[in-house]
Amino acid sequence: MGIEELRREINGVDDQLLKLFARRMEIVSEIGRYKKERSLPVLDREREQKTLHRLREQAPPEFAGYVEALFTSLFEISRDYQESRI
C-alpha cells in the first residue's frame with residue numbers, strides 16, 4: 001500500500017471521527033442543559049476516572065497511554081463546551 005492510499009484511508013477515518021465528535025458535542029450540550037436545570041456541577045471527576053479506566057482496559061496495551069491522553073483532552077473540551085453553553 002502506497003503513501004497516497006494510506007493518506008486517503010486516514011482522511012476517511014478523520015472524516016468519521018469528525019462526525020462522531022460533532023455528535024458527542026451535541027450530547028454534551030444536552031447533558032449541560034440537564035445539569036443546569038438540576039444545579040449539578042459540570043465536572044464529574046468520578047465518572048471521568050471510571051470512563052478512563054474502562055477505555056484504558058479496552059485499548060491495546062501499546063495505546064493505553066495515548067487513549068488516556070486523547071480522552072482526557074476530550075473531557076476537557078467537553079467541559080469547556082458545557083460551561084460555555086450554560
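Modeller: Helices (H or I, at least four residues) and strands (E, at least two) are DSSP runs, numbered from the N terminus. The model is predicted, so local features need pLDDT of at least 70 and side-chain atom pairs count only at pLDDT 80 or more, while totals for chains, interfaces and linings use all residues. Residues are numbered from 1 along each chain as its sequence is written, and side-chain values use heavy atoms, with hydrogens and water left out.

Colleague: Which elements each supply at least two residues of the lining of the largest pocket?

Modeller: A pocket is an open set of points on a 1 Å grid over the protein atoms alone, where a 1.4 Å probe fits, with protein on both sides within 12 Å along at least five of seven lines, and lining residues have an atom within 4 Å of a point. The largest pocket is lined by 17 residues, with Arg24, Ile31, Arg47, Phe75 and Gln82 nearest its centre. The elements that each supply at least two lining residues are α1, α2 and α3.

Colleague: Is serine 78 buried or exposed?

Modeller: Serine 78 sits in helix α3, residues 64-85. Buried means under 20% relative accessible area and exposed over 50%, with partly exposed in between (1.4 Å probe, protein chains only). Because its relative accessible area is 7%, serine 78 is buried.

Colleague: What is the phi of serine 39?

Modeller: Serine 39 lies in the loop between α1 (3-37) and α2 (45-58). Most residues other than glycine have a negative phi. Serine 39, although not a glycine, has a positive phi of about 55°.
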